Amino acid sequence: MAATRIDCDIHPAVGGTRTTLLPYLDDHWKEQVVSRAIDGLDLTSYPPNMPFSGRADWRPKGAKPGSDLAMVQRGAFEQLGASHAICNVLYGAQAVYDPYMASAFCKAINDWIAAEWLDRDARLRASIVIPLQAPDLAIEEIERRAGDNRFVSVLVLAQGESLLGRRHYWPVWQAAEKHQLPIAIHAGSAYRQAPSSAGWPSYRYEYYLAEAQAFQAQVLSLIYEGVFLKFPKLKAVLMESGVTWLPAFMWRANKTWRGVRVEVPWVDREPAAIMRDHIRFTTQPFDSPPDAKSVADIIDMIGSDKMFLFSSDYPHWQFDGDDAIPPHLPPDLVSRMCADNPLETFPRLSLAA
Amino acid sequence: MARHIVARTSDIPPGGNKVVALEGRDVVVFHANGEFFALLNRCPHSGAPLDQAACVARLTSPEPGVYQRSRVGELLRCAWHGWEFDMRNGQSWFDPKRVKVRTYPVVIEDGETLAKGPYVAETFAVHVEDNYVIVET
Amino acid sequence: MSDVIDRPLLDQEASAKTRLRIIDCDVHPSLHAKSDLNPFLAKRWQEHLKTYGDHLRTPYMGTTPYPRSSPLIARRDAWPPTGGPPGSDLDFMRKQYLDPHDVEFGVLQVLDMFIFSQQNLECGAAIQRAVNEWQLAHWTSRDPRLKASILVGQDDTAAAVAEIERCAKVGQYVQINVSPRANEPLGRRRYWPIYARAEELGLPIGIHTGGYGGHPPAGGGWPSYYAEEHQSNAHTMAATLTSLVLEGVPEQFPDLKIVFIEGGFGWISSTMWRMDQHFEHFRSEVPHLKRRPSEYVREHFWFTTQPIDEPDEARHLRSLIEWVGVDRLLFSSDYPHWDFDDPRFAFKTPLSEAERIKIFQTNARAVYKL
């Protein structure tokens, strides 16, 4: 396909369970949702009215940012210049406790995104929202979508119930690997535990900063539990994680591994080498240093131009203006991150939709 | 090349070691699995004394949860940061080509042969009935 | 990693123009046995510790559920020949570490007894007093190079402030210590009476890695391995830094100095960039902040250097130092722990003489008034 700029992270918004998702629920869940007034699954991580959740010029009148297809198309494609975009829906089906409700709601979200977004714009792709509450039901959802090539990845939250490398999730990653679906780990919390080891934060700002550490812990979990050894074709994409924490994190992981390897002898090479092969990052937010030289140093330290994937994070307010590319990135890296890297990371992008 | 007598074989029990000063450097001699190995007694990382390292098995694994042990006692985990070195060739585990400890050839000779020389006179009086550890620098 | 067969270690001291006495901001003395505290504990608490023992937010009485890679987290060569655990014998500590490295001052950090995390708050108050007295009786009075810290269980704020008052009257303490793994993030208002008192007394707040706050090391759940948990210490420090800055602790207490101990310094620059990047986006949530977050960090926070980062290229360590700023760094060894930084070899990038003096001497002098 002729691709120039693939935006790997945009956020269509679910208006509500009783509205947007109702048509996609079976009769039992329709009745539950209506008679018990089950709704309001917007994540605490992203209150819809919070400035960060939707840039001022990307808010439809009287509706949630990202809920209006035409506005999203104008923003992501015309204004920000993408040729294709991957939809990551952050409505909180992943965070309910009832595994069957989670499964029904995830299915509804995936049905909705297919019918009302992917069917209406051939430039759109999506991540499969899955109920990790019950790994077998998550696999069912993956198998249900596997035949639809427009689903290009599997979406999970950066802060769920258990760290993603844990053994009980392995069958899910096996299914993902089988269908060439990378794991898209996106910022967001199911609030099963405090967002950081320091405890419960006071502010959304504080919580958002802690996401960077949450991602780091997920990367360590995937590596040290041996997920990439078990599933060598699997990749994990960190979405909306920040990027500039990566070098020091790589060094600390290598340093620790050298001394503590006996605990995890199946990790047969340096963690940073495993990261370069299996971990990818969307570029918004980058968390840039203020000057060009420091940006160049960071890229040099990371040591791989394959890890970067263009994203706008539309409609989250990460930047002002029309340029979603972080400042001071070298042109050849920009070119790679807009096309080559996304195609390599999401193999299903190249399949006929 | 100089030959130094550093110990009687019976001086270093299996699993044990002895540190000697040779030509201004500390050298540690290990006894493991019936053999003797000599290494510079200084970790290339931050200079920790390798004679204080833990002597452990060579540990590999084909998949999570499976632990394969071999050459028990021939791997050193440095006393400080836990870097693993192979007693036999001084190679580090994590970067065997570029991070190594210097090793020295070791030969065992009986007292009778030794009495004929040549060796660097240390403080050892050579007895023909004993076996000796010789480190070559 | 450069070829290290017989490569001379980058001995900063050997190549330095002058021999520098160093200030080490993280030295760990330890008890021979818990009963060492008995002279400083009322009978009630001696009995209590013998029977009920610690009550911490962790499953085991005798160990951490994440076993360390060496006994008692220590260097294997740091066990005193006279017996007792690493760090328990002052003579051996002198012989092995303080004397050969020409330590002018060593700031003590006592981790034994987990003062900061004792669930039984009355017991915690008794232990903290005992440990604070023990530091003087067994360490600082016997070796004037060693400096004591007032350790307080931050989650009983009233008892903490009372202990600070008591120790301040005694004098001889150079900082007030709390744990970053507390009930709540350390910036929260419930802890402000401690900061207020610290500011009034002109003592810095020291925050040492560790503690049993009961929260998992990550927002995504509990890791399986020590390899993961060990690296989470840096995450705790980042979360603690953001809490203190965002809650407005430096804004409220402009003369307060805060030292992060045993967190290393690799994570700081990206945390500052991230805080600044999103400041405008979340500004309306934190109207009490008058300045950019990184400005607060550069004026109110210091960071001990251990565990130092080890990039493959030495020049990358140089970048890291420049991003954080040489003025923010305080040398620490973490003796006698396994991931100890040797003052001669820890910095694998050359430092200028002026930088060495700052990192190993003058920055700490200013913060601790030595």
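These legends describe views of chains B and C in a predicted model.

**View 1. Secondary structure of chain B.** Chain B is built from 10 strands and one helix. Read from the N terminus, its order is β-β-β-β-β-β-β-β-β-α-β.

**View 2. Extent and burial of chain B.** The C-alpha trace of chain B covers about 55 × 30 × 20 Å along its principal axes. Chain B has 137 residues, and 38% of them count as buried.

**View 3. Contacts within chain B.** This view turns to pairs of residues with a sequence separation of 6 or more. Of the contacts in chain B at that separation, 47% are between residues 24 or more positions apart.

View 4. Chain C holds 12 helices and eight strands.

**View 5. Extent and burial of chain C.** Along its principal axes, the C-alpha trace of chain C spans about 60 × 55 × 45 Å. Chain C has 370 residues, of which 55% are buried.

**View 6. Contacts within chain C.** Here the pairs of interest are residues at least 6 apart in sequence. In chain C, 81% of the contacts between such residues join partners at least 24 apart.

Key. Residues are numbered from 1 along each chain as its sequence is written. Chains are lettered from A and ligands numbered from 1 in the order in which they are written. This is a predicted model: local features need pLDDT of at least 70, side-chain atom pairs count only at pLDDT 80 or more; totals for chains, interfaces and linings use all residues. Helices (H or I, at least four residues) and strands (E, at least two) are DSSP runs, numbered from the N terminus. A residue is buried if 20 or more other C-beta atoms lie within 10 Å of its own, exposed if 12 or fewer, and partly exposed in between; C-beta atoms are placed from the backbone. Two residues are in contact if their C-beta atoms, placed from the backbone, lie within 7 Å.
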